[in-house]
Amino acid sequence: KAIELNPKYAKAYHNRAVKKGILEDYLDIIQDINKTIEPIPNDEETYYNHGVAKDNLGDYRGAILEYAKAIELNPNLIYAYNNRGSVKRKLGNYEEAIQDFNKAIELNPKYAKAYHNRAVTKGRLEDYLGALQDFNKAIELNPNDAMAYYNRAVTNGRLGDYIGEIQDYNKVIEFNPNDAMAYNNRGHAKFLMGDKYGASIDWSKAGELGSVKAYDNIKKYCK
């Protein structure tokens, strides 16, 4: 209605774009935000939201440019550094991504998501010990982040700590009892520890939840 009354009301377009983001209508988001950039060119939120929309549409280089503009307007915009780092990781620019996560953590040492994202990026660089440290910190700051436990489980597996891996998958399953991948991966860790029976139980459960790979594991390893 605000837009109908005043087609040049930039804030109304911006607010409508944010609401569309909840509904994941990213093409329309960009159309709305484009209408706000000219009337309010120095609004970092406009560029930030445009970056989010472009990221979700797969325009990663465009997203980086939008986040950079938001950061130029507000060098303390923590979420822009975190999101830009995530986009850079998608493009394989791991070192640059880590620099962005470092900056987000510098601005807010209690920002769990930045530790999580930096950990994932370190894992891509095969710095598993560094990744583990960051996952530990992310979980310390946000103990209800199931994905952090999942990714730490993967990291523990890479480091050969199968007990730690199993414990983390236990936590993931506690959060989501229908996570087929967690059962499948926990079964693999149990198998590597010599617990073939426990592995078969987990793989059977994963299969019931829809994992074809789990049934393949039973056929291959539990004859």
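## Crossing of H7 and H8

In this predicted model, helix H7 passes helix H8 in a left-handed crossing, that is, with the near helix turned anticlockwise from the far one by less than a right angle; helices here are DSSP runs of H or I with at least four residues, numbered from the N terminus. The two axes come within 9 Å and cross at roughly 160 degrees, axes being lines fitted to C-alpha atoms over the stretch in contact, with angles from 0 to 180 degrees between N-to-C directions. H7 is therefore roughly antiparallel to H8, a term for angles over 145 degrees.

Contact (heavy atoms within 4.5 Å) involves residues of H7 including Tyr94, Phe101 and Ala104, and residues of H8 including Tyr115, Arg118 and Thr121. The residues of this contact divide into eight nonpolar, three polar and three charged.

## Nonpolar cores

The largest nonpolar core has 18 residues, of which Tyr48, Tyr67, Ala80 and Ala104 touch the most other members. Such a core is a set of buried Ala, Val, Leu, Ile, Met, Phe, Trp, Tyr and Cys residues joined through side-chain atoms within 4.5 Å, where buried means under 20% relative accessible area with a 1.4 Å probe, protein chains only. Helices H4 (44-56), H5 (60-73), H6 (78-90), H7 (94-107) and H8 (112-124) each supply at least two residues of this core, and the largest share, five residues, comes from H5.

Leaving aside neighbours within four places in sequence, Ala80 is in contact with Tyr48, Tyr67 and Ile71.

## Basis of the values

Residues are numbered from 1 along each chain as its sequence is written, and side-chain values use heavy atoms, leaving out hydrogens and water. Because the model is predicted, local features need pLDDT of at least 70 and side-chain atom pairs count only at pLDDT 80 or more, whereas totals for chains, interfaces and linings use all residues.

Conventions: Buried < 20%, exposed > 50% of the residue type's maximum accessible area, 1.4 Å probe, protein only. Parallel < 35°, antiparallel > 145°, perpendicular 65-115°, else oblique. Nonpolar A, V, L, I, M, F, W, Y, C, P; charged D, E, K, R; others polar.
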